[in-house]
Amino acid sequence: MLDIRFIRENPEAVKENIKKKFQDAKLPLVDKVLELDAANRAAMTEANELRASRNTLSKQIGMLMGQAKKDPSKLEEAEAVKAQVKANADRLAELEEQEVKLAEEIRHIMLQIPNIIDPSVPIGPDDSCNVEVERFGEPVTPDFEIPYHTQIMETFNGVDMDAAGRVSGNGFYYLMGDIARLHSAVLAYARDFMINKGFTYCIPPFMIHGNVVEGVMSQTEMDAMMYKIEGEDLYLIGTSEHSMIGKFIDQIIPEDNLPQTLTSYSPCFRKEKGSHGIEERGVYRIHQFEKQEMVVVCKPEDSMAWYEKMWRFSVELFRSLDIPVRQLECCSGDLADLKVKSCDIEAWSPRQQKYFEVCSCSNLGDAQARRLKMRVKGEKGMYLPHTLNNTVVAPPRMLIAFLENNLQADGSVKIPVALRPYMGGQEVLVPKK
């Protein structure tokens, strides 16, 4: 969410940013919010003038009532001033009600106006215009056929989609045996990887209030992702970023406590609306999964440096597991409304002969801080921090990349050295069938 003062002073820049995001339907919102803002400021000015005159008129009444003991004509004058005070009070109540209504309308519109994107963001309408920046590791195409990921898992008796369908419906799974252990091992490794980078490990709440949801994401994202608990003001988190950033709602953070560097584990719950192709079946696009996340709250001048560090952490982790990856810069039309800049880390799929998304790193500027009323107290006064987030790993999707890139011709799966301590020292997983 932008600062209303910024919109007042830079309406054309805000409109140009909306155009760059290919959201032209939102252009009228800029003029509308400025109109409402002008009306609100006028109401506030008049209300303040009425409040200021209230004391003056009250003193005048007291003086006239005192004079009325000697001069009865002053009584009539005092009654006239009383009538004016009553009229002013009625008008003030009307203005205060108007202020509340206008403030709600302004906030509703402000939540829809996208954040100003960084000048470095490539311009394009959708993810087809995302730009590959760099590759890490050599994509390998083995000389044997790689089965679909659930078929690989089934050779280890490691997945049961049918039972999950009977119990929960589509978009759920049972992981079993070595595959379930591999899933937990990857999460544990990712946890320790981030702790070794200086991040504080955290397990957050898995449900959050509606005002936190509104503070961390756009209405469009909320409608597409979030499950609401019926009859309660609680939502299941789609990622632990939601509750981790929400941790600072209405808080004043001492500047000496920045940066806040946190890595959090959580289950994630997502509606995942819409139909998806065959490559997104199995355990690729699901309603429930687990994830290790990284979150940073920092000074504004440090946020781009943290953005660079965070996506590189993901690259380092995936390369330590022998998975080739690339960084893909997200274009303007592919950025959610709160994001200033974002990139995806995509893993190589030997089976598909292409890369697919496994991490998403985002700098949200001060948008979440403004929505959540997070502030930093520094030597020069109060200011809004910047917030960033990035996926460390999100199995089971990450397992697809792991299994495909570490699969051997005999059907076994090689365990990279970094992961072996988390797999009881195993160097290879041998199929059961």
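**Exercise 1. In this predicted model, which parts of the chain does the salt bridge between Arg-351 and Glu-404 link, and is each partner buried or partly exposed?**

Step 1. Start with the contact itself: Arg-351 and Glu-404 pair up through their side chains in a salt bridge, with 4.0 Å from N to O.

Step 2. Now place the partners. Arg-351 sits in the loop between strand E12 (341-349) and strand E13 (354-363), while Glu-404 belongs to helix H13. They are 53 residues apart, so this pair links distant parts of the chain.

Step 3. Check the cover. Arg-351 has a relative accessible area of 26%, which makes it partly exposed. Glu-404 comes in at 3%, so it's buried, given that buried means under 20%.

**Exercise 2. How many residues of helix H13 are buried, and how does H13 cross helix H7?**

Step 1. Go along H13, residues 397-406: 10 of its 10 residues are buried. Among them are Arg-397, Ala-401 and Asn-406, as well as Glu-404 from the exercise above.

Step 2. Bring in H7 (residues 177-195). The axes of H7 and H13 come within 11 Å and cross at roughly 110 degrees. Angles of 65 to 115 degrees count as roughly perpendicular, so that's the label for these two helices.

Step 3. See who touches whom. From H7, Ile-179, Leu-182, His-183 and Val-186 meet Met-398, Leu-399, Phe-402 and Leu-403 of H13. Sort this contact by class and you get 7 nonpolar residues, 1 polar and no charged ones.

**Exercise 3. Where in the chain are the partners of the salt bridge between Arg-8 and Asp-37, and how exposed is each?**

Step 1. The closest N and O atoms of Arg-8 and Asp-37 are 2.6 Å apart. This is one of 23 salt bridges in the structure.

Step 2. Arg-8 is in helix H1 (residues 4-9) and Asp-37 in helix H3 (residues 27-67), so the bridge ties together parts 29 residues apart in sequence.

Step 3. Arg-8 is partly exposed at 31% relative accessible area, whereas Asp-37, at 5%, is buried.

**Exercise 4. Which parts of the chain does the salt bridge between Lys-414 and Asp-322 link?**

Step 1. Here the closest N and O atoms are 3.0 Å apart.

Step 2. Lys-414 lies in strand E17 (residues 413-414), and Asp-322 in the loop between helix H11 (303-320) and strand E11 (325-329). The two are 92 residues apart.

Step 3. Lys-414 is partly exposed at 28% relative accessibility, and Asp-322 is partly exposed at 34%.

Technical notes:
Residues numbered from 1 in each chain as written. Predicted model: local features only at pLDDT ≥ 70, side-chain atom pairs only at ≥ 80, totals over all residues. Heavy atoms only, no water. Buried < 20%, exposed > 50% of the residue type's maximum accessible area, 1.4 Å probe, protein only. Helix = DSSP H or I, 4+ residues; strand = E, 2+ residues; numbered from the N terminus. Axes fitted to C-alpha atoms, helices over the stretch in contact; angles between N-to-C directions. Parallel < 35°, antiparallel > 145°, perpendicular 65-115°, else oblique. Contact = heavy atoms within 4.5 Å. Nonpolar A, V, L, I, M, F, W, Y, C, P; charged D, E, K, R; others polar.
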